[in-house]
Amino acid sequence: MDPVAKNFVRMSVIYFAISALIGVHYLFDEAFNHQLFQAHVHLMMLGWMSMMIYGVGYHILPRFNGNPVAFPMLAIVHFWVANIALVGFVSTWGISRHGYSKMPVKVFAIMNAIGIIMFATNILFSIRKPKEY
Ligand code: HEM
Ligand code: HEM
């Protein structure tokens, strides 16, 4: 398995565990804590679900056509962009709601979207046409 695919799977299960703990903690929290709620949702969705799909997807989807990943370097850049964006997004959400600048959370939100577009581009090119034998 390609290292980048493995690293996505590794990070995915780490976010799964962290987010499960946040979810449990959230239940014991009397006051509604929007920061924890948002962190739980996006660590599950962009962390556990999306990164598992990125990892398994980079490994398996290009193989449907017998091709390698179209842009291997882009996949490595995507790994870093996705992880920095997710951690940044969930950790700056709270401060942006307490009178501080919304700029950091917006930058990380855009970075998340850019990561998603990187994945989409790479997969679309990887499955474009079957390998000729
Ligand atoms: C240990 C496991 C989990 C615990 C203890 C947990 C706990 C919670 C709690 C307490 C809430 C807030 C409910 C509310 O106040 O409305 C919540 C919401 C949510 N959880 Fe989890 N959860 C767990 C696993 C998961 C998993 C595996 C996923 C998805 C893969 C997930 C996705 C969500 C989403 C999307 C919401 C927001 C739903 C909404 O918009 O109202 N959770 N969870
Ligand atoms: C570019 C990536 C993403 C950005 C910038 C983003 C941004 C946001 C924002 C700003 C909210 C409102 C949060 C709030 O008011 O509490 C939200 C809520 C939510 N997002 Fe995302 N999101 C992204 C990706 C995703 C993905 C991929 C999923 C699911 C697969 C997802 C699932 C949800 C859910 C279930 C909620 C509702 C939680 C709630 O009830 O507050 N998001 N998202």
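In this chain, residues 24 or more positions apart account for 74% of the contacts with a separation of 6 or more, where a contact means that two C-beta atoms, placed from the backbone, lie within 7 Å. This is a predicted model, in which local features need pLDDT of at least 70 and side-chain atom pairs count only at pLDDT 80 or more, while totals for chains, interfaces and linings use all residues. Residues are numbered from 1 along each chain as its sequence is written, and chains are lettered from A and ligands numbered from 1 in the order in which they are written.

The chain has four helices and zero strands, and along the sequence it reads α-α-α-α; helices (H or I, at least four residues) and strands (E, at least two) are DSSP runs, numbered from the N terminus. Taken along the principal axes, the box filled by the C-alpha atoms is roughly 60 × 30 × 20 Å. Of the 133 residues, 29% are buried, that is, with 20 or more other C-beta atoms within 10 Å of their own, those C-beta atoms being placed from the backbone.

Let me turn to the core. The largest nonpolar core has 24 residues, and by nonpolar core I mean a set of buried Ala, Val, Leu, Ile, Met, Phe, Trp, Tyr and Cys residues joined through C-beta atoms within 7 Å. Phe8, Met51 and Phe89 touch the most other members of this core. Helices H1 (3-28), H2 (34-60), H3 (72-96) and H4 (103-126) each give it two or more residues, with H3 giving the most, eight. Leaving aside residues up to four places away in sequence, Met51 touches Phe8, Met11, Ser12, Tyr15 and Ala82.

Now to the ligands. Which residues surround ligand 1? They are Ala20, Gly23, Val24, Tyr26, Leu27, His40, Val41, Met44, Trp48 and Met49, each with its C-beta atom, placed from the backbone, within 6 Å of the ligand. H1 and H2 are the elements that give two or more residues to this shell, which by class holds eight nonpolar, two polar and no charged residues.

Around ligand 2 we find a list that includes His34, Gln38, His42, Asn112 and Ile116. Here the elements giving two or more residues are H2 and H4, and the largest share, eight residues, comes from H2. This shell divides into seven nonpolar, five polar and no charged residues; Ala, Val, Leu, Ile, Met, Phe, Trp, Tyr, Cys and Pro count as nonpolar, Asp, Glu, Lys and Arg as charged, and the others, Gly among them, as polar.

Key: A residue is buried if 20 or more other C-beta atoms lie within 10 Å of its own, exposed if 12 or fewer, and partly exposed in between; C-beta atoms are placed from the backbone.
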